[in-house]
Amino acid sequence: MAARNIAGQQLPSGPGLRELLWPICFPDDPFEASSALPDLYDFALRRAPRQLSELLSRTFTVSECDLPEWYGRMLSMPWQRAYTLNIDDLELAVARRFSLPRAVRSVSFSAGESPNPAPVGTLEFVHLNGMLDETPVGLTFSPIQYAQRLASPDPVFRRVAAELVSSPFVFIGSP
């Protein structure tokens, strides 16, 4: 939550993203705080996919300027692999800003199991809900999208589950 996007704004959490999606969905209506993020995303995806894509790219492209140094230290740790639910490109901004001991390779769940494992000395950073370059269709936000993923084998989630029971892990995130 300490990172800022290319517009100089703090990256939004769920409630903030709901407010940003509202004008795409209901441009003439005042914001209703009770609206659910998955429903708004699904509606925006159907109503104005280009506008949604532009919003997501503008909002979740991280600026490397002013990144706190602890981001560099965090990605310098000898993680076996990193998983994130976020769609932002924070790891790439950190890699541009700081001299990390190893390269960072961003991977989306939609890529499935890669036949080419990450090269030795590379931190694989797996986006479990998709990446910005897949916006808006390739992201997973709504119940319909989660259901579509559940309907077919998901090798990435199998790997996550196996690693959770076989390797030490740390969860880092916001509430």
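This is a predicted model: local features need pLDDT of at least 70, side-chain atom pairs count only at pLDDT 80 or more; totals for chains, interfaces and linings use all residues.
Local features need pLDDT of at least 70 and side-chain atom pairs count only at pLDDT 80 or more, while totals for chains, interfaces and linings use all residues. Residues are numbered from 1 along each chain as its sequence is written, and side-chain values use heavy atoms, with hydrogens and water left out. Helices (H or I, at least four residues) and strands (E, at least two) are DSSP runs numbered from the N terminus.

**Packing of α1 and α3**

- Helix α3 (residues 49–60) packs against α1 at an angle of about 150 degrees, with the axes 10 Å apart; axes are lines fitted to C-alpha atoms over the stretch in contact, and angles run from 0 to 180 degrees between N-to-C directions.
- The two helices are therefore roughly antiparallel, a term for angles over 145 degrees.
- Their crossing is right-handed, that is, the near helix is turned clockwise from the far one by less than a right angle.
- On the α1 side the contact (heavy atoms within 4.5 Å) is made by Leu17, Leu20, Leu21 and Ile24, and on the α3 side by Gln51, Leu52, Leu55, Leu56, Thr59 and Phe60.
- Eight residues of this contact are nonpolar, two are polar and none is charged; Ala, Val, Leu, Ile, Met, Phe, Trp, Tyr, Cys and Pro count as nonpolar, Asp, Glu, Lys and Arg as charged, and the others, Gly among them, as polar.

**Buried residues**

- Serine 35 sits in the loop between α1 (14–25) and α2 (37–47).
- Serine 35 counts as buried because its relative accessibility is 14%; buried means under 20% relative accessible area, exposed over 50% and partly exposed in between, with a 1.4 Å probe and protein chains only.
- The serine 35 side chain reaches the backbone oxygen of glutamate 32 at 2.7 Å.
- Apart from neighbours within four places in sequence, serine 35 is in contact with Arg18, Trp22 and Leu40.
- Valine 160 belongs to helix α7 (residues 155–166) and, at 13% relative accessibility, also counts as buried.
- With residues up to four places away in sequence not counted, valine 160 touches Tyr83 and Leu128.
- The C-alpha atoms of valine 160 and glutamine 10 are separated by 29 Å, and the two residues are 150 apart along the chain.

**Backbone features in loops**

- Threonine 135 and proline 136 are joined by a cis peptide bond, with omega about -10 degrees.
- Proline 136 is in the loop between β3 (122–127) and α6 (143–150).
- Aspartate 66, a residue other than glycine, has a positive phi near 65 degrees.
- Aspartate 66 lies in the loop between α3 and α4 (69–76) and counts as exposed, at 71% relative accessibility.

Methods. A polar contact is a pair of N or O atoms within 3.5 Å; within protein, one must be able to donate a hydrogen and the other to accept it, and residues adjacent in sequence count only if both atoms are side-chain atoms. Angles under 35 degrees count as roughly parallel, over 145 as roughly antiparallel, 65 to 115 as roughly perpendicular and the rest as oblique.
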